[in-house]
Amino acid sequence: NHISWKLDGAEERIEKYRKGKIDLKVFLPDGSLLPVGSLVDIELQKHDFNFGISLTQMHAIYDEPFRDNMLDYVDHLFNYNTIGFYWNANEREPGKWDLREHYQFGLDWAKEKNKTLRGHPLVWHNSAPSWIVSETRDVDLIHKDIITHVDRLLKNYPEIDEWDLYNEAPSVTEIRDYIGENNGVARWMDSRGGQGAVIKLLSDKLQEISPESHGLINHFQHEHESYHDLITYCISNSIPIKSVGIQAHMQEEASVWTEQTMWNLMEDYGKYGIPIDFTEITICSCERVEGWKEMRAWQDSIKEARKEGRSKPKRKTSSRYEKYQAEYAHDFYTLAFSHPSIKTIVLWALSDTGSWREFPAGVFDEKGKPKPIYYTLNNLIKKKWHTHAKGKLPVDGIIPINGFLGEYTLKASHNGKLYETTFILTKDKDEPLDVWL
């Protein structure tokens, strides 16, 4: 069972950091102020904060009959999506890039729904094709292919708002033996001057080709010293990093964050003055493994089943653990939303179907139905942290607002006519915000 966190001061911090007070000065199309007594309706449409979920798992649900209904739930709750651009999955032969239909579908759907889009990733050693990870191929040829690939992504997908520049770059230093000492991407990174120089190279490419997009760095182990080294390098070399990405795949007992662990992490990374994104969050609704030794054994059993053509072993979701998942998510989101450095939370498991490592951690079950975590997050994001006010205008043209930051609609009724406009609520301003109907 989840023991509720204390969350001391969280509500006060949310009020302070996530809301804004301002007077709207509302004008009719003829330039006159909207008169007193007019009916007005103001509602938050899109949070300034990114409440996200990954669509990198779209392959697992693409052909499911529940897909579209499930995505209606996604559309309602989340304003941010991670889109998969895994190199080895989409270019199986050199020079023949073809974004697979399930990834393209996820991209088109999220774009149509006006979500903020994150491309995952420009470069990652674990998703590079064989001719890029080759242990013997000339590193200059590898470099040429990587640059061609990065150019292609940035030019072909200008709608992407944010890119993981190099996913988990510190791994090349921290777990080089696991990646492979002569892995082609690792050798390429060495040849260019290390992780910092590679991030600068990729960031420069982003600024050159897609200057409207933002680059971020991302890593799975916040205790790796080389990640701190990378952040320091970015700051020292004025690399425009939009945010520092931190992952938490809580599939092992030892990897589950306590309240104090999470707070210390946010305070520690917040000192850099760069926003923090929780880029890949996994909260399981099943029994976890004890540690890395057990995880390796579990992954080996999955590989063995694949090799022998058997069904993969899967861990079972249960009502007990689904309750835990929802309760933990409530406290995790509340603490994160209360900290001024956090700008984004992305849940990594969309559905229990195809969930990473076969750990059920989805917001939806294998039949596409919302799990308790969905309703818990809906109560937070769409109710508790939502602003919707309506009534009669108290004075000519002036509407005082105290609401959550983000994009709003304003509807007004005057002399039998309905008017509508939009505005963006940012942090407190002394001067009224002029709004034209």
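Colleague: What ground rules apply here?

Modeller: The model is predicted, so local features need pLDDT of at least 70 and side-chain atom pairs pLDDT 80 or more, while totals for chains, interfaces and linings use all residues. Residues are numbered from 1 along each chain as its sequence is written, and side-chain values use heavy atoms, without hydrogens and water.

Colleague: How many aromatic pairs does the structure hold?

Modeller: Rings of Phe, Tyr and Trp (its six-membered ring) pair if their centres lie within 6.5 Å; planes under 30 degrees apart are stacked, over 60 edge-to-face, the rest tilted. The structure holds 28 such pairs. Tyr 73 and Tyr 374 form an edge-to-face one, 5.4 Å centre to centre with 90° between the planes. Tyr 73 lies in helix α3 (residues 67-77) and Tyr 374 in helix α16 (residues 372-384), so the pair ties together parts 301 residues apart in sequence. Helices here are DSSP runs (H or I, at least four residues), numbered from the N terminus.

Colleague: Is Tyr 374 buried or exposed?

Modeller: Buried means under 20% relative accessible area, exposed over 50%, partly exposed in between (1.4 Å probe, protein chains only). Tyr 374 is buried at 2%, and Tyr 73 is partly exposed at 29%.

Colleague: Which ring does the charged end of Arg 67 sit over?

Modeller: A charge sits over a ring if NZ of Lys or CZ of Arg is within 6 Å of the ring centre and within 35 degrees of the ring normal. Arg 67 has its charged end over Phe 105, 4.0 Å from the ring centre. Lys 19 lies over the face of Phe 404, at 5.1 Å.

Methods
Helices (H or I, at least four residues) and strands (E, at least two) are DSSP runs, numbered from the N terminus.
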